[in-house]
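The following paragraphs go through a protein model region by region. Please keep the sequence and the coordinates at hand while reading.

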Amino acid sequence: MIKILAAEHVLPISSEPITDGAVAIETGEILSVGQAAEILAKYPSAEIENFGRAAILPGFVNCHSHLELTAMRGALDHVEHDFRAWLLKINELRAGMTDADIARAAIAGALEGAAAGVTCVGDIGRMGHAGVMAVKQVGLRGIVFQETEFSPDNRTAGDDFLALAAKYEKLRESETDLVKIGISPHSTYTVGSRLFELIAQYSIINRVPLSIHASEAADEVSLLTSGEGFFTEVYEKFGVEWHSPHCSPIEYLERLGVLSARPLLAHCVRVSDSDITRIASNQATIAHCPKSNAKFGHGFAPFERFLDAGIAVGLGSDSVASNNVCDLLEESRFAALFARNRSDRGRFISAREVLEAATFGGARALGLDHLVGTLESGKQADIVVISLNHVSQQPMNDVEAALVFSSNGHNVILTLTAGSAIYSNSNDHVSGNGLRSVRFPDLWRNRSLSS
């Protein structure tokens with residue numbers, strides 16, 4: 001059965017916005033995109049759903065999340081001024097959670113994303129199976145990256161790699177057309193050089209997607225460039241042998257051959273021009289997380305310089321423990337505002353550019369742009385419909401500006417992955433095809449991290 005979704009505005013991302021547009025879909029795939037009159041004439045017997053004053057876009061791609069940490073929303077705000085204390089506290093809280101707690105957290109995070117128009121995630125989890133289960137249950141697409149344990153000592157690299165590879169291979173058995181599995185060597189300060197080399201080799205040989213936290217904080221840069229900072233205290237406490245490479249985190253990853261695996265690098269706040277050149281030359285990609293970076297006080301990543309270097313850049317919410325919401329429209333707004341207000345900005349970032357980062361850019365960063373990220377014939381029907389009815393969105397003179405600067409996740413009406421509804425706010429429109437309205441369970445009733 002062919003379905004047509006119509007609205008006052010359709011934004012294919014790969015081409016100019018269409019006024020009074022429509023998208024025809026069948027069996028999870030986009031058949032055609034164009035003027036509503038033309039699409040209706042082309043498929044006269046199709047089922048039609050007209051959303052009126054709304055915008056239809058490709059589903060948002062959240063290319064850096066930690067769904068399993070959703071239970072920690074607001075639980076670390078009192079220590080986020082101190083990154084060391086934050087890292088220690090999050091490990092303490094995680095240790096107090098049961099497998100069931102983590103599973104519930106991951107489901108809640110996936111549901112939150114779907115309700116805000118996210119159709120695809122790049123999710124990193126220490127308990128990778130929880131992320132896989134949540135993404136599948138909610139109906140999202142994406143890559144779940146199995147994260148490494150704390151493994152900075154080269155003396156244990158062989159055993160650490162075998163344990164990680166076993167977890168990855170086990171998770172791979174659960175792959176589907178929508179959900180793929182990758183590996184996340186957490187960061188340059190928690191993974192030793194030898195383990196990095198082993199993971200990179202494994203990734204290249206077996207084509208395993210990688211995602212790494214890189215150049216996020218001042219303490220990380222101090223450790224890598226001069227061997228100083230609080231991480232050295234942690235190593236001493238646990239008897240870890242670790243030697244500073246005396247270079248930037250990005251140069252360090254290149255020296256180890258990790259950039260050759262074309263990883264998705266999360267954050268990249270503290271990077272030089274030479275670092276950006278290294279990322280671009282190796283065709284690595286970046287998950288830009290402006291809200292999380294700012295909430296920690298880490299700084300502002302040079303977003304426009306990434307784009308101008310030809311790097312595939314997507315947006316990431318990070319965990320709600322460091323953001324506090326998963327909302328890619330809000331993330332887009334912050335990305336634009338922060339880029340425009342950096343004292344060393346290269347140029348002015350437009351609303352169109354951040355919308356592209358939230359959709360096609362994220363798909364490119366995850367290596368899924370052949371499937372999703374734009375509304376084009378032959379691509380998967382991963383779609384979000386956003387209401388433009390609120391008084392704060394009117395009058396609307398520029399649809400891209402209205403979406404970025406006057407809208408947020410609460411304006412989402414419908415989220416489709418491969419043509420199937422994973423979220424529908426039935427109060428915002430009259431549905432002619434029986435799409436279900438997802439009811440969110442009260443997952444946290446009588447359950448808090450302090451109880």
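Just after helix α4, G139 adopts a positive phi of about 100°; helices here (H or I, at least four residues) and strands (E, at least two) are DSSP runs, numbered from the N terminus. The model is a predicted one, in which local features need pLDDT of at least 70 and side-chain atom pairs count only at pLDDT 80 or more, while totals for chains, interfaces and linings use all residues. Residues are numbered from 1 along each chain as its sequence is written, and side-chain values use heavy atoms, with hydrogens and water left out.

Helix α4 itself spans residues 128–138, and its buried residues are G128, A130, G131, V132, A134, V135 and V138. Buried means under 20% relative accessible area, exposed means over 50%, and partly exposed lies in between (1.4 Å probe, protein chains only). Contact means heavy atoms within 4.5 Å.

One of those partners, α5, also meets α6. The axes of α5 and α6 come within 9 Å and cross at roughly 35°; axes are lines fitted to C-alpha atoms, for helices over the stretch in contact, and angles run from 0 to 180 degrees between N-to-C directions. The crossing of α5 and α6 is right-handed, a term used if the near helix is turned clockwise from the far one by less than a right angle, with anticlockwise giving left-handed. From α5 the contact takes A157, G158, D160, F161, L164, Y168 and E169, and from α6 it takes R194, L195, L198, I199 and Y202. By class, the contact of α5 with α6 has 8 nonpolar, 1 polar and 3 charged residues. In this count Ala, Val, Leu, Ile, Met, Phe, Trp, Tyr, Cys and Pro are nonpolar, Asp, Glu, Lys and Arg are charged, and the others, Gly among them, are polar.

A salt bridge is a side-chain nitrogen of Lys or Arg within 4 Å of a carboxyl oxygen of Asp or Glu. Both residues lie in α6 (residues 193–206), 3 residues apart, about one turn of the helix. An α-helix has 3.6 residues a turn, so residues three or four places apart point the same way. E197 is partly exposed at 26% relative accessible area, and R194 is partly exposed at 36%.

How many salt bridges does a search of the whole structure find? The search finds 30. In one of them, E251 meets R255 (3.2 Å, N to O), and these two are 4 residues apart in helix α9 (residues 249–255), about one helical turn. Salt bridges that share partners join E251, E254, R255, D275 and R278 into one network. R155 and D153 form a salt bridge at 2.6 Å, N to O; R155 is exposed at 53% relative accessible area, whereas D153 is buried at 9%.

The largest nonpolar core has 106 residues, and L57, F60, W86, L265, F306 and L403 touch the most other members. Such a core is a set of buried Ala, Val, Leu, Ile, Met, Phe, Trp, Tyr and Cys residues joined through side-chain atoms within 4.5 Å. The largest share of this core, 8 residues, comes from α3. Leaving aside neighbours within four places in sequence, W86 is in contact with L76, V79, E80, F296, A321 and S322. Another core lies apart from the largest one and has 18 residues, among them F51, A381, V385 and I413.

H288 sits in strand β12 (residues 285–288) and is buried, at 3% relative accessibility. Beyond its neighbours within four places in sequence, H288 is in contact with A301, F303, V313, G314, L315, G316 and A335.

Some backbone angles remain. Most residues other than glycine have a negative phi, and most peptide bonds are trans. R207, in the loop between α6 and β10 (211–214), has a positive phi near 55° and is exposed at 77% relative accessibility. H246 lies in the loop between α8 (230–238) and α9; its phi is positive, about 55°, and H246 is exposed at 53%. The peptide bond from Q394 to P395 is cis, with omega near -10°, and P395 is in the loop between β14 (383–387) and α15 (399–406).
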